[in-house]
Amino acid sequence: AGGGRPAAPRIREPEDVVRLFQARLRDLQVEEFHLLALDSQSQVLRQVLVTRGLLNSSLVHPREVFRAAIAEAAAGIIVVHNHPSGDPTPSTEDRAVTRQLVDAGRLLDYTVWANHRAMRAEATLSVDDFKRDLGSSHGGVRGTLVHTLGAEWIWLSRWHGTSPAGA
């Protein structure tokens with residue numbers, strides 16, 4: 001009994017993140033950008049090296065950050081990077097990347113929220129109401145859901161660097 005994998009760390013406070021990364025990032029001569037994918041209880045699902053950069057910068061795009069988070073079905077993320085100079089002051093680039101990540105995260109939260117709300121509403125309909133043609137651009141509820149989820153699938157596929165057939 002108890003011979004499985006060790007329990008994944010749980011993040012309860014910023015110091016938990018410092019303990020996970022300080023020794024690994026402290027003496028690096030180049031900047032690294034890491035992601036912690038978290039479950040709904042703030043337990044680490046996976047630690048990901050997103051990018052390794054130059055002496056004082058690393059190229060980070062929300063696509064790479066959220067690709068790993070989506071693949072892990074993460075409920076939340078924490079991003080971490082070092083400053084090889086030792087100066088923790090956020091650079092202009094740091095601030096820009098943070099804004100991009102926050103904006104992308106908001107978009108994904110909205111998409112998840114909207115999908116859950118649409119599915120809850122759809123579940124209350126009878127089969128006839130679900131299939132009924134309402135004369136809208138996609139017919140009715142069924143057509144609108146198929147269109148919306150199909151468009152989202154194409155968008156996510158492209159975000160992952162693939163293009164679905166016919167899209």
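Two strands count as paired if DSSP finds at least two bridges between them. Strands are DSSP runs of E, at least two residues, and helices are runs of H or I, at least four residues, both numbered from the N terminus.

I noted the ground rules before starting. This is a predicted model, where local features need pLDDT of at least 70 and side-chain atom pairs count only at pLDDT 80 or more, while totals for chains, interfaces and linings use all residues. Residues are numbered from 1 along each chain as its sequence is written, and side-chain values use heavy atoms, with hydrogens and water left out.

**Sheet.** I looked up Leu36 and found Gln47 of β2 opposite. I then checked β1 against β2: they pair in the antiparallel sense over seven bridges. The open sheet has three strands in the order β2-β1-β3, with antiparallel pairing.

I turned to α1, residues 14-25. This helix packs on the sheet and touches β1, β2 and β3. Contact means heavy atoms within 4.5 Å.

**Cores.** A nonpolar core is a set of buried Ala, Val, Leu, Ile, Met, Phe, Trp, Tyr and Cys residues joined through side-chain atoms within 4.5 Å. Buried means under 20% relative accessible area, with a 1.4 Å probe and protein chains only. The largest core has 13 residues; Phe33, Leu35, Val50, Val65, Phe66 and Leu101 touch the most other members. I listed the elements giving two or more residues to this core: β1, β2, α2 and α3. Another core, of nine residues, lies apart and includes Leu36 and Val80.

Technical notes:
Buried means under 20% relative accessible area, exposed over 50%, partly exposed in between (1.4 Å probe, protein chains only). Axes are lines fitted to C-alpha atoms, for helices over the stretch in contact, and angles run from 0 to 180 degrees between N-to-C directions.
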